[in-house]
Amino acid sequence: MNEVLLRSLTPSVLGILVRRGADFAAAEDAVQDALVEAVRVWPADPPRDPKGWLVTVAWRRFLDATRADAARRRREDLVDEEPAPGPAPAVDDTLQLYFLCAHPSLTPSSAVALTLRAVGGLTTRQIAQAYLVPEATMAQRISRAKRTVSGVRFDQPGDVATVLRVLYLVFNEGYSGDVDLAAEAIRLTRQLAAAIDHPEVAGLLALMLLHHARRAARTAPDGGLVPLAEQDRGRWDTESIAEGVEILQAALARDRLGEFQAQAAIAALHADAPTAEETDWVQIVEWYDELARLTDSPVVRLNRAVAVGEADGPRAGLAALAALDDALPRHAAVAAYLHERDGDLATAARLYAEAARRAPNLAERDHLTRQAGRLNARRCR
């Protein structure tokens with residue numbers, strides 16, 4: 001198998017698909033599918049025209065994906081245009097598809113990636129950002145997952161934990177990303193909670209409701225991000241907060257703590273504080289300790305450093321941050337915030353500018369750029 005040949009042909013094949021009318025992201029996915037197929041097929045049956053073979057297979061993959069996407073959108077349009085009479089069913093096909101894509105033949109990470117791409121509608125780039133991996137790596141993972149399930153029967157649904165992970169990532173992308181999927185994730189999680197008596201399902205629903213309750217206050221009229229401490233708490237949805245807290249309390253009472261319940265507990269403490277200054281940061285640090293024990297996630301430890309900085313002072317937060325890899329997404333932004341609180345405005349401004357360059361979306365980049373500009377202006381006075 002000549003991997004050098006494959007790499008050399010990839011740009012040309014991608015260019016041909018784009019010139020034929022494929023958008024760049026879809027063309028990339030199709031070419032990645034074709035490359036994976038080449039790795040599988042060529043050792044036993046090498047083509048006479050490798051480039052032509054790749055173009056043909058990639059174009060077919062693109063057409064298949066386009067038709068599937070168009071059919072899905074059309075089904076959604078028909079639902080909007082011609083709603084069925086009578087009460088809506090308690091469960092629809094979407095949640096069932098989530099379970100079917102979480103197939104036992106796949107690893108949990110591959111099942112999540114496949115479901116996000118095939119059912120959730122996220123792009124490969126968005127999924128890669130959620131997993132903190134390069135886009136090419138995620139494209140290969142999704143392609144392998146597609147290949148794995150291509151010849152199996154979808155009569156063995158996956159487990160609840162994998163479906164919860166998918167719903168969590170879909171909500172996060174809808175809450176903070178370019179595609180509004182948050183309401184759909186809440187709807188499906190409500191369905192799951194009604195069907196399954198599971199404390200982590202309840203924990204995830206509580207977490208979604210508590211975060212979604214703050215959504216109206218997260219952006220300024222000009223579209224800029226408003227940090228939690230600066231949000232108008234009068235714009236928070238108190239009904240959603242009350243519902244989320246009630247669901248969380250019932251889940252915690254069962255004494256089967258999981259990561260979603262721990263995250264919801266942190267969100268509830270933020271929601272319970274009348275002002276940012278009255279936030280119970282000591283208790284939030286304790287919940288982050290529980291969450292770190294449950295997940296061993298570097299992102300959790302990054303957020304914990306912020307909480308430590310609020311509870312014990314910025315230098316304690318910086319000490320907690322020093323143990324983490326500075327390549328972590330938003331590491332520079334956290335470091336900037338803690339240095340600013342410690343009075344080191346020059347370092348903070350530099351780090352805010354660095355964080356802006358790494359920001360995953362335009363709104364976050366603009367916010368961090370303004371933070372850097374604000375500090376530089378203060379230093380020049």
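Buried means under 20% relative accessible area, exposed over 50% and partly exposed in between, with a 1.4 Å probe and protein chains only. This is a predicted model, in which local features need pLDDT of at least 70 and side-chain atom pairs count only at pLDDT 80 or more, whereas totals for chains, interfaces and linings use all residues. Residues are numbered from 1 along each chain as its sequence is written, and side-chain values use heavy atoms, with hydrogens and water left out.

**View 1. The whole chain.** The chain holds 18 helices and 0 strands, where helices (H or I, at least four residues) and strands (E, at least two) are DSSP runs numbered from the N terminus. Of its 381 residues, 44% are buried.

**View 2. Helix α16 and its surroundings.** Because 9 of the 11 residues of α16 (residues 331-341) are buried, this helix is largely enclosed by the rest of the structure. The buried set consists of His331, Ala332, Ala333, Val334, Ala335, Ala336, Leu338, His339 and Glu340. These residues pack against α14 (298-312), α15 (314-321), α17 (345-358) and α18 (362-379), contact being heavy atoms within 4.5 Å. After α16 comes Gly343, with a positive phi near 90°.

**View 3. The nonpolar cores.** A nonpolar core is a set of buried Ala, Val, Leu, Ile, Met, Phe, Trp, Tyr and Cys residues joined through side-chain atoms within 4.5 Å. The largest has 69 residues, and those with the most contacts inside it are Tyr98, Leu116, Val163, Leu167, Leu192 and Leu204. A second, separate core of 23 residues includes Leu324, Ala335, Leu345 and Leu375.

**View 4. The surroundings of Leu204.** Leaving aside residues up to four places away in sequence, Leu204 touches Leu164, Leu167, Tyr168, Thr189 and Phe260.
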